[in-house]
Amino acid sequence: MLCASRPLPAVHRAPAAPRSRGGARSAVVSPTTPAPLPLVERFWSKAAYLSHHSEVLGDALAFAAEAHDGQRRRSGEAFIVHPIEVAIILAGWRMDADAIVAGLLHDTVEDTDVTVEQIEGRFGAAAASIVAGVTDGAAVPASQSQRELLLAISRDWRVALLKLADRTH
């Protein structure tokens, strides 16, 4: 449950706009496919142990919601539900803030115009590296993708847990 002292989750207030590929801030818009409030509350409940990182977590939640705005899965569910569920799994494993941020952002590079460089600029090198580690390259043979994943895991074990959480949901 949300505490009275905790500000409204960033995904339910006007999010800070992600930067476009050119680096300029895009216009702030309300999500047309927002995350369901009970899911966001469950996220904040699971991530309560990271309360000292609530600003960056809220920023990542808002960034992912805006990046995935208008996207739906084949089931009709808002796309943002999946990254939040992945972040909830990671929070259940008591992962650090960088891993949770990466969980929220892990599909933005593959499915939106967001780049790893933008993630690094806004959320730091560690979160960006984890996201890059689970991002499949376009038109890359499966064997090369698997090698790249193993190399990413050898650099940061959190890549393996994010990939596992992603596959779990």
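The accessible surface of the protein comes to about 8500 Å², and carbon and sulfur atoms hold 54% of that area. Areas follow the Shrake-Rupley method with a 1.4 Å probe, and for residues only the protein chains shown count as cover. This is a predicted model, in which local features need pLDDT of at least 70 and side-chain atom pairs count only at pLDDT 80 or more, while totals for chains, interfaces and linings use all residues. Residues are numbered from 1 along each chain as its sequence is written, and side-chain values use heavy atoms, with hydrogens and water left out.

**Fold**

- The protein has nine helices and zero strands.
- Along the sequence the pattern reads α-α-α-α-α-α-α-α-α.
- Helices (H or I, at least four residues) and strands (E, at least two) are DSSP runs, numbered from the N terminus.
- Of the 169 residues, 46% count as buried.
- Buried means under 20% relative accessible area, exposed means over 50%, and partly exposed lies in between (1.4 Å probe, protein chains only).
- Among contacts with a separation of 6 or more, 71% join residues 24 or more positions apart.
- A contact here means heavy atoms within 4.5 Å.

**Nonpolar core**

- The largest nonpolar core has 45 residues.
- Such a core is a set of buried Ala, Val, Leu, Ile, Met, Phe, Trp, Tyr and Cys residues joined through side-chain atoms within 4.5 Å.
- Phe43, Leu57, Ile84, Ile100, Leu105 and Phe123 have the most contacts inside this core.
- Two or more core residues come from each of α1 (37-46), α2 (54-67), α3 (81-92), α4 (97-105), α6 (116-123), α7 (125-134) and α9 (158-168).
- Helix α3 gives the most, with eight residues.
- In soluble globular proteins, nonpolar side chains tend to be buried together.
- Phe123 touches Val56, Asp59, Ala60, Phe63, Asp98, Val101 and Leu105, leaving aside residues up to four places away in sequence.

**Largest pocket**

- About 250 Å³ of space lies in the largest pocket.
- A pocket is found on a 1 Å grid over the protein atoms alone: it is an open set of points where a 1.4 Å probe fits, with protein on both sides within 12 Å along at least five of seven lines.
- Grid points are joined across faces, edges and corners, and the volume is the space filled by probe spheres set on the points.
- The pocket is lined by 18 residues, and Ala132, Gly133, Thr135, Glu148 and Leu149 are the closest to its centre.
- Lining residues have an atom within 4 Å of a point.
- Helices α7, α8 (142-155) and α9 each supply at least two lining residues.
- Helix α8 gives the most, with six residues.
- The lining divides into six nonpolar, six polar and six charged residues.
- Ala, Val, Leu, Ile, Met, Phe, Trp, Tyr, Cys and Pro count as nonpolar, Asp, Glu, Lys and Arg as charged, and the others, Gly among them, as polar.

**Residues in helices**

- Asp98 lies in helix α4 and is partly exposed, at 27% relative accessible area.
- Leaving aside residues up to four places away in sequence, Asp98 touches Phe123, Ala126, Ala127, Ile130 and Arg158.
- Asp98 and Val56 are 42 residues apart along the chain, with their C-alpha atoms separated by 9.2 Å.
- Lys163 is in helix α9 and counts as buried because its relative accessible area is 13%.
- Not counting residues up to four places away in sequence, Lys163 touches Val134, Asp136 and Leu149.

**Residues outside helices**

- Arg94 sits in the loop between α3 and α4 and is exposed, at 57% relative accessible area.
- The phi of Arg94 is near 60°, a positive value in a residue other than glycine.
- Gly70 belongs to the loop between α2 and α3 and is partly exposed, at 49%.
- Gly70 touches Thr32 and Thr33, residues up to four places away in sequence not being counted.
- From Gly70 to Thr33 the C-alpha distance is 5.5 Å, at 37 residues apart in sequence.
- His169 is in the segment after α9 and is partly exposed, at 40% relative accessibility.
- His169 touches His82, Glu85, Val86 and Ile89, again without residues up to four places away in sequence.
- His169 and Pro83 are 86 residues apart in sequence and 9.1 Å apart in space, C-alpha to C-alpha.
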